[in-house]
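Please look at the sequence and the structure before reading on.

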Amino acid sequence: MISPHSARKTTRVQEAPPPPTGPPAWDGPPPPARQPVQRSTMERVKELPAKVSIRWRLTLTYGTLVFGAGAVLLISVYAIVGTAISTAWPTIDLGLGPYENEQLQNRWRQFQELAIANARDGLLGSAPLALVGVGILALIIGYFVADRALKPVAQMTATAKKLSESTLAHQRIALEGPGDELKELADTFDAMLARLNVAFDTQRRFVANASHELRTPLTINRTVLEIALSDPEASEDLKALGRTLLEVNARNEKLIEGLLLLARSERELAVRKPLDVQEVAQTAVEQVTPFAEEHGVTVTTELVSAPTVGDPVLLERSVSNLLENAVKYNVPENGKVWIRTGMADGALVVQVANTGQHVPAYEVNSLFEPFRRLHADRVESAKGSGLGLSIVRAVVQAHGGNVTAVPREGGGLVVTVRLPRR
């Protein structure tokens with residue numbers, strides 16, 4: 001587990017403010033408590049169906065139908081028993097006189113009514129227990145029937161979850177069985193995934209091809225400008241213009257490289273090697289340290305071993321992007337950046353926090369969109385191309401992880417990357 005209050009390496013010795021609070025998997029403070037809303041009994045009853053899963057709703061429906069059918073069958077048997085006894089009841093004739101015969105027949109009818117009443121009472125006495133047994137058995141059978149009926153839906157859900165954590169290239173539902181409604185739904189979902197995969201792949205190829213096509217003229221422009229600046233007879237105005245154009249060209253080249261890296265990150269991983277996140281983060285810190293010193297930012301690290309499998313180049317680039325963003329968008333003086341790696345809650349964690357201006361919570365998610373900056377600024381590009389966090393998210397998702405960010409107390413951000421343990 002990573003300790004949030006230790007510092008093992010600093011690039012500059014200064015009095016440090018408190019590091020980011022909480023464990024590496026910290027996702028921000030809990031929402032403010034709300035006053036409980038008083039609801040009537042009828043409102044609570046109406047809310048019950050929404051709280052019962054579809055599996056239990058099917059089970060209860062099946063059990064209720066079987067129980068109702070059993071109750072109807074009991075009522076039918078109750079009526080049939082009386083009719084059957086009356087129909088099968090024998091008649092007697094002993095050759096007695098009219099008065100004695102009437103007395104005998106009345107007595108015989110009383111025996112008949114008593115037999116019917118005893119049969120019905122016996123039926124009613126054992127019927128409730130039989131109904132309870134049938135109801136319990138119906139619930140058990142209904143649960144397994146619902147489970148079997150929902151198994152294709154569970155398969156589709158599992159496939160959708162896998163797709164949300166990876167690419168759309170190969171994973172499909174491929175449901176086998178008769179051509180019923182569920183099979184038609186699964187095939188429609190597979191066809192939709194295939195179309196989405198083609199559309200996304202076409203988009204990525206377009207970005208990659210366009211970026212490659214744009215690199216050549218930018219390289220030619222840079223070469224021409226450098227040759228012009230190296231001319232000793234060039235005037236100062238021409239050199240000033242050339243240096244300005246070189247800066248613009250460099251920003252454009254950086255934008256093109258970012259687009260290429262983003263297109264590569266959104267594809268399925270072609271390289272999967274055993275690696276240690278600690279070494280990846282250490283390499284990224286060494287690359288960013290001169291940049292941090294140039295901006296007067298102190299980098300504090302606590303790097304704990306966390307082995308995994310993935311593309312080391314992409315992971316290193318994503319960690320470097322986090323550190324570069326933390327340095328760029330920091331306070332003007334005595335800025336601080338913290339980076340931690342290790343294991344937390346069974347996952348590999350990389351967390352980068354920095355000092356900086358206050359970031360509203362409602363704008364945090366938009367920072368991961370391409371070309372978006374704080375306060376929805378899409379114009380000013382002096383600090384970068386606006387692809388840093390987009391590349392981080394694409395790389396992390398390609399590795400089956402997720403990335404979250406929350407405002408840091410006192411200003412800045414706390415960005416947490418979680419990767420699955422391999």
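The sections below cover the chain as a whole, a surface patch and a pair of helices.

## Basis of the report

The model is predicted: local features need pLDDT of at least 70, side-chain atom pairs count only at pLDDT 80 or more, and totals for chains, interfaces and linings use all residues. Residues are numbered from 1 along each chain as its sequence is written, and side-chain values use heavy atoms, without hydrogens and water.

## The chain as a whole

The chain contains eight helices and eight strands; these are DSSP runs, numbered from the N terminus, with helices (H or I) of at least four residues and strands (E) of at least two. Of its 422 residues, 35% are buried (under 20% relative accessible area, 1.4 Å probe, protein chains only).

## A nonpolar surface patch

Trp-56, Leu-60, Val-132, Ile-136, Leu-139, Ile-140, Tyr-143 and Phe-144 form a nonpolar patch on the surface. Such a patch joins nonpolar side chains (Val, Leu, Ile, Met, Phe, Trp, Tyr) within 5 Å, from residues with over 30% relative accessible area and no salt bridge (a side-chain nitrogen of Lys or Arg within 4 Å of a carboxyl oxygen of Asp or Glu).

Helices α2 (54-88) and α3 (98-165) each supply at least two of the patch residues, and the largest share, six residues, comes from α3.

## Two packed helices

Helix α7 (residues 312-328) and helix α8 (residues 388-398) pack at about 145 degrees, with their axes 9 Å apart. Axes are lines fitted to C-alpha atoms, for helices over the stretch in contact, and angles run from 0 to 180 degrees between N-to-C directions. The contact (heavy atoms within 4.5 Å) involves residues including Leu-314 and Leu-322 of α7 and Ile-391 and Val-395 of α8.

Note on methods:
Patch = residues over 30% accessible without salt bridge, like charges linked within 9 Å, V, L, I, M, F, W, Y side chains within 5 Å. Areas by Shrake-Rupley, 256 points an atom, 1.4 Å probe, with all protein chains shown as cover. Buried < 20%, exposed > 50% of the residue type's maximum accessible area, 1.4 Å probe, protein only.
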